[in-house]
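User: Hi, could you go through a structure with me, one step at a time?

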Amino acid sequence: VFCCQPAASMASNQSWSWEPEFVAVRPPGGLKRHLRVASLNVLAEAYCDPKSFPSLTPSTLHWSTRGALILGPLLAAEPDVICLQEAECQDNMRSALDAREYDIIFEQRPGRTDGCLTAWRRSKLRLVSR
């Protein structure tokens, strides 16, 4: 399971960054198959009000800046399943996941621009029903 916490650099008006943290979970019954899952709240740009994040420069809150900082470490972790909350399914996010051979489902929240994105490796999983 892939977890993350905001890094110390979120203070003192520095650039936004984060460090992934991994938690090992053993499957019950000694199953031999492994599945790496990453779950992350990516903070929808719709909620990136500079007044709510006074220690950050406003430009750091834009997806154009945060997207690479989020997707880079996330994809480097090579998860089999990715679950993103408060996602706004940007074209660059879709193309980055597609290039890494993930299939995607995005469910938009009613009346909002964000939602939940679930992606999985085509080589390991397939969608059975929706």
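User: How many cavities of 30 Å³ or more does the structure hold?
Analyst: This is a predicted model, and the structure in it holds 1 cavity of 30 Å³ or more.

User: What volume does the largest cavity have?
Analyst: The volume of the largest cavity comes to about 40 Å³.

User: And which residues line the largest cavity?
Analyst: The lining is made up of V42, L43, A44 and E45, together with W63, R66, E86, E88, Q90 and M93. Sorted by kind, the residues of this lining divide into 5 nonpolar, 1 polar and 4 charged.

User: Switching to helices, at what angle do the axes of α1 and α2 cross?
Analyst: The axes of helix α1, residues 63-76, and helix α2, residues 91-99, come within 11 Å and cross at roughly 20°. Because angles under 35 degrees count as roughly parallel, α1 is roughly parallel to α2.

User: Is that crossing left-handed or right-handed?
Analyst: The crossing of α1 and α2 is right-handed.

User: Which residues make the contact?
Analyst: From α1 the contact uses W63, L71 and L75, while α2 brings N92, M93, A96 and L97. The residues of this contact divide into 6 nonpolar and 1 polar, with no charged residue.

Technical notes: Residues numbered from 1 in each chain as written. Predicted model: local features only at pLDDT ≥ 70, side-chain atom pairs only at ≥ 80, totals over all residues. Heavy atoms only, no water. 1 Å grid on protein atoms, 1.4 Å probe; cavity = no way out; pocket = protein on both sides within 12 Å on 5 of 7 lines; lining within 4 Å. Points joined across faces, edges and corners; volume = space filled by probe spheres on them. Nonpolar A, V, L, I, M, F, W, Y, C, P; charged D, E, K, R; others polar. Axes fitted to C-alpha atoms, helices over the stretch in contact; angles between N-to-C directions. Helix = DSSP H or I, 4+ residues; strand = E, 2+ residues; numbered from the N terminus. Parallel < 35°, antiparallel > 145°, perpendicular 65-115°, else oblique. Left-handed = near helix turned anticlockwise from the far one by under 90°. Contact = heavy atoms within 4.5 Å.
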